[in-house]
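Subject: Structure for you to look at

Hello,

Here is the structure I said I would pass on. Please look it over; my notes on what I found follow below.

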Amino acid sequence: MAENRITKKILKNHWTYNWWKYLLLVGLCAALVDVTFAMTAYRPPEEKKIEIYILNDYCNTAAMQEEFEPAFFAAHPEQEELTIQNINLTGGDMYASMQYSTYVAAQQGDVCLMPREEIEKLTADGADYAFMDLTPYIESGVIDVQDIDLTDGIMKSSAGEEKVYAVPADSLYGLLAYGNDPADSFLCIMDYNGNEDTSAAVLSMMIERYSTEKPEGYDSKTQQNQTALF
């Protein structure tokens with residue numbers, strides 16, 4: 001009669017040749033749990049969240065969010081999520097461009113600080129294809145543009161109508177505190193955003209918070225940086 005008793009020798013031999021199967025099983029279980037959590041985790045609806053994308057330059061978005069978030073939720077307690085993310089389109093990083101294209105394709109991002117080059121690219125066939133018309137929000141006072149000259153932010157829609165689709169952000173010198181130079185950039189709201197009124201209010205908050213006096217020596221420093229590039 002064959003002996004079926006499990007001995008230390010049998011166990012040692014088993015683990016020697018089969019350990020990888022258990023490791024694979026643990027990995028598969030962990031992946032399954034992760035995927036299940038990702039699929040079932042609560043996500044705020046579009047009308048309950050705001051995504052701010054800083055695209056014109058480097059920005060310390062962690063510090064920016066830490067300071068901006070309390071004021072945002074105090075003004076909009078019905079909102080559930082605020083995200084501020086930096087994708088520097090001017091740094092020459094191919095990965096940044098790919099990341100940005102992926103997000104746009106997925107229709108992510110509500111309020112954006114964009115470099116002029118990207119604004120011009122997206123509005124070539126009509127600004128309304130890319131951006132939300134800001135005119136009614138400016139006229140109603142929801143967006144307070146203060147003394148900003150809106151000339152460069154007036155663009156043509158696909159029907160040829162001129163409206164304000166972006167707010168020049170050159171004077172938002174408060175962004176320098178986060179390592180971001182606002183020169184030749186614009187604040188805009190993506191046309192596909194699902195939270196229009198809150199996005200407009202957030203754009204206005206950014207103007208109010210970051211519109212400051214031009215720092216001493218800013219122009220000469222900017223000129224030196226531009227000279228260095230060439």
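A residue is called buried when its relative accessible area is under 20%. Leu203 has 0% relative accessibility, so Leu203 counts as buried. Please keep in mind that this is a predicted model, and that every value in this message is computed from it.

The overall layout

The protein has seven helices and seven strands. Along the sequence they come in the order α-β-α-β-α-β-α-α-β-β-β-β-α-α. Of the 230 residues in the protein, 37% are buried. The accessible surface is about 14,000 Å², and carbon and sulfur atoms hold 55% of that surface. Among contacts with a separation of 6 or more, 71% are between residues 24 or more positions apart.

Leu203 and its surroundings

Leu203 sits in helix H6, which covers residues 196-210. Which residues does Leu203 touch, leaving aside those up to four places away in sequence? They are Val111, Leu134, Ile143, Val167, Leu187, Cys188 and Ile189. For one of these contacts, Cys188, I also have the spacing: Cys188 is 15 residues from Leu203 in sequence, and the two C-alpha atoms are 7.7 Å apart.

The aromatic pairs

A pair of aromatic rings is described by two values, the distance of the centres and the angle of the planes. There are five aromatic pairs in the structure. Two of them are set out here.

Phe68 and Tyr210 have ring centres 6.5 Å apart and planes at 25°, so this pair is stacked. The cut-off behind that label is an angle under 30 degrees. Phe68 belongs to helix H2 (residues 61-75) and Tyr210 to helix H6, so the pair ties together parts that lie 142 residues apart in sequence. Both Phe68 and Tyr210 are buried.

Tyr173 and Tyr218 make an edge-to-face pair, with 5.1 Å from centre to centre and 70° between the planes. This pair also links distant parts of the chain, 45 residues apart. Tyr173 is in the loop between strand E6 (167-168) and strand E7 (185-189), while Tyr218 is in helix H7 (residues 218-229). Are these two tyrosines, Tyr173 and Tyr218, buried or exposed? Tyr173 and Tyr218 are both buried.

One further item concerns Phe68 and Tyr210: together with Tyr178 they form one aromatic cluster.

Regards

Notes
Residues numbered from 1 in each chain as written. Predicted model: local features only at pLDDT ≥ 70, side-chain atom pairs only at ≥ 80, totals over all residues. Heavy atoms only, no water. Helix = DSSP H or I, 4+ residues; strand = E, 2+ residues; numbered from the N terminus. Buried < 20%, exposed > 50% of the residue type's maximum accessible area, 1.4 Å probe, protein only. Contact = heavy atoms within 4.5 Å. Phe/Tyr/Trp six-rings, centres within 6.5 Å; stacked < 30°, edge-to-face > 60°. Areas by Shrake-Rupley, 256 points an atom, 1.4 Å probe, with all protein chains shown as cover.
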